[in-house]
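Subject: Structure for your reading

Dear colleague,

Please find below the structure that I would like to hand over to you. My notes on it follow, and I would ask you to read them with the model open.

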Amino acid sequence: MQTLQIPSIHSSPQRFSGDRFLLELPFTPQRFYRHGWQSWTFSGWIDPQLPALPVRAVQFRVKDEDPPYALSDRHTSAWLAAVQIAPEDIVLVGGLDFGARLQLEPNGLLAFYETGEGEWLLSRGTEPEVFHQYTQALCQKYSCSLTRKTRRVWCSWYSLYRFIKEEILHQILSDLGDLPFDVVQIDDGWQISTGDWQPNYKFPAGMADLAARIQASGRQAGLWLSPFIVTADSTIFKQHPDWLLHDEQGMPVFAGRNWSGMTYALDVTHPAVLDWLEQTIRRVTEWGYAYLKLDFLYAAALPGRRTQEMPREAAYRQALQVIRQAAPQAYLLACGAPLLPSLGLCDGIRIGPDVTPYWLNKPFSAWLNNPNHPSTQNALRTCLHRLWLKPLIDIDPDVVYFRSRYNALTVEQRRLMKDLALICGFRSTSDLPHWLTSLEREELQEFLEQEVTIETLSNYRYRINGREVDFGPVIPFPPISNLPVWLATNLGFLQTGIYEVLPAVWEFYRW
Ligand code: 9PG
């Protein structure tokens, strides 16, 4: 295997092609920058002396990690990685093609393409310099010319979860009044099943009617869909088993658990699946939805046997291209999405796990060793390490909470999330207007209208409109526990139930 030496200080970045090489490191780096595979996967600087420990619960390894590497005893990274030699001295290795992976070995940084070969960028400099060079190289390759402006989105998920229905949404539309949202986005809960993208019994007037009402309020209508996964109760699962992605043993590929249960990945290289995708996307845009939040996208790139043999990230990209062609004018927000293969086809991408109305779900995140799991602290940490993507694509850090009702976040924790959203330039909330006090509503209004100037002071420190913000205390990981996995899993669900499900159920039955 080819070995390379670290470039000398102040040398210009090198660009070359190859399938794999080892960048020799004659010392243990002070820090290692790990980039997660998809939106929710942990990204950030870690201490390479610490062992690479897996997420303790198997069901989260598929939903949150890049499965082939989830049990690796090495620190692994998707497309790019960086090592710190000294505080202002960073070496970055970045793959510019799909399927690039990196692995920290005792004697260096191993860089490889899962299949074939591709381009690499090797650069040394300060952290902002090396990330800028990588961003520029990606920009040339995938085009970042989409015209962009700050998005202001009201999204139904983080207040109502799956407990949405027509009547509540009509009421919310009226309660939003003149709050300057550009988009009102309906999240999970409107569809018959994951895979049957038609309105369920809670939307008797149909989805076109709802889109028309949103448009009548002067906003774009947005809709959530997870087009690459299906559940066992879907028509596809029952009638077209050959549309599913299968593993080497011929079993459907499990794509993780979500709020609708066990999900399975589609074989997005199957011509019939591509036709179905195109029709599905056409149909929702014909209903009037011009903003599509496409979720659980990683499923299309899971390992498996495909009808058309091709590398898994290329299969993903081809399917995304079909969606883009079916909705050329729509705003596409990719979520749970592999980062690099989404560039140039989507308008925006979620860059961290979901926020929650509490700081940390300790059982799920700390005790199960899963920094990818929903929790405001996890969302902040991963998003802060992905701000370098901003010149390439709209970066969505997830919603900001303004409500104090049904919320265990402190004022300070809510403010950190708000400041992150201002830095990202993607401003959204899910708060129900009637949950807000008049002061909170004013704060939301200001957040939506505000012009901001952002200065970067140092790692994790910013100045926003003259006010200093330090995200430093957010970064450290809480200790892992050795509590049995089943106990931690159930305690985690308890926290979700109390803070997320109960208020939503209450709203649902009140109407
Ligand atoms: C809708 C949601 C929202 C959210 C997405 C995505 O089971 N789980 O652990 C789980 C975690 C996160 C998650 C879904 C399921 O979130 O990020 O914004 O759209 O789906 O289901």
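The shell around the ligand is made up, by class, of 8 nonpolar, 2 polar and 8 charged residues. Please keep in mind throughout that this is a predicted model.

The ligand and its surroundings

In total, 18 residues surround the ligand. Those that come closest to the ligand are Tyr158, Asp187, Asp188, Lys293 and Asp354. Two elements of secondary structure each supply at least two residues of this shell: helix H3, which covers residues 157-160, and strand S18, which covers residues 254-258.

Which side chains place a polar atom by an oxygen atom of the ligand? Tyr158 is one of them, with an N or O atom of its side chain 2.7 Å from a ligand oxygen. For Arg350, the distance between a side-chain N or O atom and an oxygen atom of the ligand is 3.2 Å. In the case of Trp40, a polar side-chain atom lies 3.4 Å from an oxygen atom of the ligand. Taken alone, the ligand would expose 460 Å², and the protein buries 94% of that area.

Two packed helices are described by the angle between their axes and the distance between the axes.

Helix H10 spans residues 376-384 and helix H11 spans residues 411-424; their axes come within 11 Å and cross at roughly 30°. Angles under 35 degrees count as roughly parallel, and H10 is therefore roughly parallel to H11. The crossing of these two helices, H10 and H11, is left-handed.

How do H11 and helix H12, residues 438-449, cross, and at what angle? Their axes come within 12 Å, and the angle is roughly 20°. H11 is therefore roughly parallel to H12 as well. For H11 and H12 the crossing is right-handed, whereas for H10 and H11 it is left-handed.

With kind regards

Key
Residues are numbered from 1 along each chain as its sequence is written. This is a predicted model: local features need pLDDT of at least 70, side-chain atom pairs count only at pLDDT 80 or more; totals for chains, interfaces and linings use all residues. Side-chain values use heavy atoms; hydrogens and water are left out. A residue is near a molecule or strand if one of its heavy atoms lies within 4 Å of it. A polar contact is a pair of N or O atoms within 3.5 Å; within protein, one must be able to donate a hydrogen and the other to accept it, and residues adjacent in sequence count only if both atoms are side-chain atoms. Accessible areas come from the Shrake-Rupley method with a 1.4 Å probe; for residues, only the protein chains shown count as cover. Helices (H or I, at least four residues) and strands (E, at least two) are DSSP runs, numbered from the N terminus. Ala, Val, Leu, Ile, Met, Phe, Trp, Tyr, Cys and Pro count as nonpolar, Asp, Glu, Lys and Arg as charged, and the others, Gly among them, as polar. Axes are lines fitted to C-alpha atoms, for helices over the stretch in contact, and angles run from 0 to 180 degrees between N-to-C directions. Angles under 35 degrees count as roughly parallel, over 145 as roughly antiparallel, 65 to 115 as roughly perpendicular and the rest as oblique. A crossing is left-handed if the near helix is turned anticlockwise from the far one by less than a right angle, and right-handed if clockwise.
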